[in-house]
Amino acid sequence: MILHSPASASTTGGSSRSGSSSSSSGATPTPSTSVSAPVQAPKEGVLYQLGSYNCTSTITLNYLTGIFNDFLEATSTTTDASFTYLLLNIHAAASWQHPNEPAQQPAGGVLPRAAGNLLSNVMKGNLSDQLYTPSKLANERAKLSNSWNNVDADNKPRGGYYTVEGANSNDPSSADGWPDEAYAQFSKFYRLIAIFGTVDPQMGDYNMSLDADTIFPSETISFQPDVSFSSSGSLSEGCLFDAFDKTVTPQRNSSFAVGVVPPTLSVSSNPDLFSPIPLISNLTACGISPILNHSLANTTADKNPLPYAAFTHSYLWTWAPGEPLNATDASTSGATGNRCAAAYTEGEWSGRWHVVDCNTPLRIACQDPSSPTPGASPPPRNLRRRNQRVRLPSTFSVPHTPLENAHLLSAARAALSSTAPTSTPLPS
């Protein structure tokens with residue numbers, strides 16, 4: 001996003017560059033080259049080329065938020081709805097005469113400083129109903145009895161993930177809690193969070209505190225642990241999973257943990273889609289969402305989607321490939337076939353789920369409401385009578401995150417072998 005164009009520029013609006021670039025006051029300028037004045041592209045009508053940039057005066061942030069609003073409206077059903085995170089990287093625009101050189105410091109008084117011209121005003125213009133903001137979060141935390149505790153049990157945030165002050169009073173509150181997506185999407189119909197990302201040094205005078213009620217600060221919902229990998233793809237450092245530590249801390253259990261996939265990752269141009277990529281599967285099992293910032297197999301997804309399909313299959317932690325199978329026809333195979341789910345405890349798809357007959361005797365996934373990590377029941381039980389076979393205060397449950405799934409897998413393995421929980425969530 002371009003917040004400001006120097007006064008010498010003859011065009012305004014957004015711009016995008018082919019490839020990556022960064023602007024900073026300490027950057028080394030590239031040699032000055034002669035750049036032709038912006039010429040309107042004859043076919044597109046609104047596109048200008050300035051050096052390595054393509055620019056337009058029509059696709060503004062206000063226009064883009066309108067597109068977001070249309071998308072959110074079109075995907076508002078329960079099957080299509082998902083939460084979207086909009087990261088706002090704030091850049092200063094260079095002059096059109098030298099588009100590849102660092103931008104100049106904006107002149108005093110140019111940056112927006114009052115309501116009506118702020119980024120938050122633009123965001124709220126088209127997206128106020130769908131936007132989940134810091135002020136809404138603060139209000140919900142301050143009055144849990146009117147927010148997260150005032151909904152059906154299925155929409156309440158998971159217990160154990162946040163602290164509660166005055167839990168036994170009529171006015172409980174939380175200083176660190178977050179709602180889950182079920183509450184945000186289906187109780188309040190929030191679909192979007194806006195977060196500040198990187199800000200060019202030239203834009204340091206932009207007063208982001210004026211947007212504090214609408215846009216979350218940088219790093220609010222991002223945690224990037226230092227990770228390193230062995231030659232086999234297992235994590236030798238940075239894994240958040242510890243079978244013996246079920247506490248929730250930013251260092252041990254973060255819903256916002258991400259890890260950048262190393263550029264050394266090698267994926268075949270014709271991979272086996274039923275064989276996981278160990279490095280990606282292990283990142284996920286360690287509670288870290290893999291972020292891909294480079295191309296795979298020296299190609300892009302539009303030319304060969306298979307390496308990217310293999311990547312996607314590998315970071316999924318729920319169903320195994322080919323699952324879930326269709327439920328069987330009750331008139332021919334009974335009412336229980338393929339209507340329950342079980343997790344593999346061994347093999348390359350350990351921890352992934354598949355359908356089973358509900359009469360199959362298996363240990364049952366259960367959870368103490370005060371703990372964020374699930375466990376497994378002692379002797380195998382018939383899944384059709386699951387609610388009668390779980391020891392109180394635990395209840396029948398399923399994992400909601402990859403890290404919860406890793407803890408369940410560890411507990412299931414321990415129950416099978418009658419040993420202590422295993423410290424490795426997936427085979428390395």
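The following legends describe an overview and two close-up views of a predicted model.

**Figure 1. Overview of the protein chain.** The secondary structure comprises 8 helices and 17 strands (DSSP runs, H or I of at least four residues for helices and E of at least two for strands, numbered from the N terminus). Of the 428 residues, 37% are buried (under 20% relative accessible area, 1.4 Å probe, protein chains only). Among contacts (heavy atoms within 4.5 Å) between residues at least 6 apart in sequence, 69% join residues at least 24 apart.

Figure 2. Helix α8 spans residues 402-417 and contains Arg-413. Arg-413 is buried, its relative accessible area being 11%. A polar atom of the Arg-413 side chain lies 3.0 Å from the backbone oxygen of Thr-345. The side chains of Arg-413 and Ser-350 form a polar contact at 3.3 Å (a pair of N or O atoms within 3.5 Å; within protein, one must be able to donate a hydrogen and the other to accept it, and residues adjacent in sequence count only if both atoms are side-chain atoms).

**Figure 3. Contact of helices α5 and α6.** The residues of α5 that meet α6 are Ile-280, Ser-281 and Thr-284, and their counterparts in α6 are Phe-311, Ser-314 and Tyr-315. By class, this contact has 3 nonpolar, 3 polar and no charged residues.

**Notes.** Residues are numbered from 1 along each chain as its sequence is written. Local features need pLDDT of at least 70, side-chain atom pairs count only at pLDDT 80 or more, and totals for chains, interfaces and linings use all residues, while side-chain values use heavy atoms, with hydrogens and water left out.

Key. Buried < 20%, exposed > 50% of the residue type's maximum accessible area, 1.4 Å probe, protein only. Nonpolar A, V, L, I, M, F, W, Y, C, P; charged D, E, K, R; others polar.
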